[in-house]
Amino acid sequence: MLIERFYVGDGISHISYLVTGQTKAIVIDPKRDVDDYIQKAKELGVKIEAILITHLHADFIGGHYELAEKTGAKLYLPAKQNSKREHVPVQEGDTIQIENIKIDVLDTPGHTPEHVSYIFTDLSRGEEPAAVFTGDTLFVGDVGRPDLFPNKKEELAKALYNSLQKLMRLPEFVEVYPAHGAGTLCGKALSTKRSSTIGYEKKFNKLLSLSEEDFIKTLLEGMPPAPDHFKRCSKINEEGAIFLSKLSSPKPLSVEKFENLMDEDRIILDTRHYLTWIGGHIPNSLSMDYRFMPFSLFAGWILDPEKEILLVTDNSNEINDIAIKLRRVGIDNIVGYLENHTFAWANAGKAIKSFKALSPDTLEDKLNTESIILLDVRSKSELKNGNIENSVNIPLPELRDRYNELDRDKEIVIYCGVGPRGALAASLLEKAGFENISVLAGGFTGWSNYKKSPLVCGK
């Protein structure tokens with residue numbers, strides 16, 4: 001039994017798997033772009049026979065229906081999902097056998113009500129289970145969040161506790177393969193390690209040693225906010241997304257065509273380096289640095305999926321990859337991209353907007369001599385690492401609704417962790433009509449290095 005892992009970063013930190021026997025293979029929790037599994041199966045000389053889904057994923061769009069159609073594989077879904085699409089429903093007590101691989105289904109609700117885990121036994125080696133695919137029930141060093149259904153969070157937290165007790169009854173040598181690694185918002189504190197064993201988690205996962213009461217209390221305190229796209233992605237995964245193969249690639253647009261499409265019903269998404277956007281951009285474009293920020297996460301969180309997208313990038317070879325990263329979180333309405341990027345735009349004499357990128361020494365001078373608003377757009381959890389004295393914290397996603405708390409007559413200097421989110425925040429304020437905006441280059445990291453040690457001031 002060979003286990004191949006497929007990892008997607010970008011703030012999703014999703015892990016899916018291809019498990020192969022002698023001539024047949026099983027895919028677990030596939031991402032939306034499914035050709036990678038088909039190609040790998042071809043390389044290994046196996047046929048994809050089954051697709052297993054642990055639960056309705058909230059943070060990304062799955063490709064299970066498209067993969068089933070392309071390969072003819074059977075699709076196995078949790079029975080409690082009550083899907084109306086063609087599938088094989090599974091629940092605790094069910095067994096699936098693919099060649100010498102025996103798969104036992106275990107009900108593990110808690111992260112979601114319908115969640116199941118899959119216990120794999122390689123019968124060619126013995127009768128003991130070898131691996132368990134835990135979805136979002138058990139992570140390495142953490143467990144799934146039970147608060148995606150706010151009215152049921154205590155009930156689901158209790159169910160999650162009981163599900164974890166079931167998993168802990170497996171032999172300690174059983175390998176644990178979760179659906180996420182560090183970086184996802186499906187948990188609080190996942191390890192960077194992407195697989196584990198039952199024994200290792202028993203010993204080092206602190207949540208597993210708590211009483212039921214303490215487990216529920218600890219788990220529900222300090223949970224990060226759930227991004228906007230979580231509910232949307234769950235619904236799409238239940239109904240089935242439009243197949244990627246049926247979506248067209250973004251088309252190049254001349255300056256004239258691009259400009260003619262610009263209106264309030266479309267989003268200009270600038271994916272260039274955040275400092276490049278600050279130095280010169282199409283007015284009212286949104287800055288999402290494709291290379292240096294959790295791109296898919298913030299695209300799903302911030303962008304309106306009903307609006308069409310006009311892309312600006314400095315490398316047309318990246319367009320298809322950018323489109324895939326957007327479509328992984330259900331942003332499908334991508335019209336096209338500006339041909340020859342802002343070089344062509346500027347040469348055509350079109351309007352360019354720019355802000356200031358400040359170095360830490362310049363910011364320090366301003367703090368000592370001017371009256372400015374220093375806006376910290378990091379998450380609440382990041383504040384434990386320190387902040388700059390007298391800064392105001394409004395987490396980036398909240399800025400969409402809370403920008404009126406800021407004085408438009410003062411210069412606003414924005415900082416985040418390393419810079420890209422600061423530019424995104426600046427672009428949100430620009431769209432809201434703010435003019436006097438600057439961004440701290442390097443964010444809090446740059447400031448801390450400038451000061452030689454982290455500066456911890458205020459609350």
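Buried means under 20% relative accessible area, exposed over 50%, and partly exposed in between, using a 1.4 Å probe and protein chains only. The model is predicted, so local features need pLDDT of at least 70 and side-chain atom pairs count only at pLDDT 80 or more, while totals for chains, interfaces and linings use all residues. Residues are numbered from 1 along each chain as its sequence is written, and side-chain values use heavy atoms, with hydrogens and water left out.

**Stop 1: valine 174**

Select valine 174. At 0% relative accessibility, this residue counts as buried. Valine 174 sits in the loop between helix H3 (153-168) and strand S11 (175-178). Helices (H or I, at least four residues) and strands (E, at least two) are DSSP runs, numbered from the N terminus.

Now show what touches it. Contact means heavy atoms within 4.5 Å. Leaving aside neighbours within four places in sequence, valine 174 is in contact with Pro129, Ala130, Ala131, Val132, Ser196, Thr197 and Ile198. For a distance, pick isoleucine 96 as well: valine 174 and isoleucine 96 are 78 residues apart in sequence and 18 Å apart in space, C-alpha to C-alpha.

**Stop 2: the six-stranded sheet**

Go to the open sheet of six strands, whose order is S1-S2-S3-S4-S5-S6 with mixed pairing. Its edge strands are S1 (2-8) and S6 (88-90), each of which pairs on one side only. Two strands pair if DSSP finds at least two bridges between them. Neighbouring strands of this sheet are turned by 25° against each other on average, direction ignored.

Select S1 together with S2 (residues 14-20). This pair is antiparallel and has seven bridges. In one of them, valine 8 has histidine 14 in S2 as its bridge partner.

Next select helix H2 (residues 64-71). H2 lies across S3 (24-28), S4 (47-52) and S5 (74-78), and runs at about 155° to S4. Axes here are lines fitted to C-alpha atoms, for helices over the stretch in contact, and angles run from 0 to 180 degrees between N-to-C directions.

**Stop 3: aspartate 10**

Leaving aside neighbours within four places in sequence, its contacts are Met293, Pro294, Phe295, Ser296, Leu297, Lys325 and Arg328.

**Stop 4: strand S22**

Select S22 (residues 437-440). Ile437 and Val439 point one way from S22, Ser438 and Leu440 point the other way, and all are buried. In a regular strand the side chains alternate between the two faces of the sheet.

Leucine 358 has leucine 440 in S22 as its bridge partner.

**Stop 5: the pockets**

On a 1 Å grid over the protein atoms alone, a cavity is a set of points where a 1.4 Å probe fits but cannot get out, and a pocket is an open set with protein on both sides within 12 Å along at least five of seven lines; lining residues have an atom within 4 Å of a point. Grid points are joined across faces, edges and corners, and a volume is the space filled by probe spheres set on the points.

The largest pocket holds about 900 Å³ of space. Select Leu185, Ser379, Ser381, Glu382 and Arg421, the closest to its centre of the 38 residues that line this pocket. H9 (295-302), H14 (420-431) and H15 (443-450) each supply at least two lining residues, and H9 gives the most, with three.

The second largest pocket holds about 470 Å³. Of its 20 lining residues, Glu264, Asn284, Leu286, Lys307 and Lys431 are the closest to its centre. S14 (266-270), H13 (399-402) and H14 each supply at least two residues of this lining.

**Stop 6: the cavities**

How many cavities of 30 Å³ or more are there? The count comes to three. The largest cavity has about 60 Å³ of space. Its lining residues include Asp29, Pro30, His64 and Asn237.

The second largest cavity has a volume of about 50 Å³. To finish, select some of the residues that line it, among them Arg32, Tyr65, Glu66 and Phe243.
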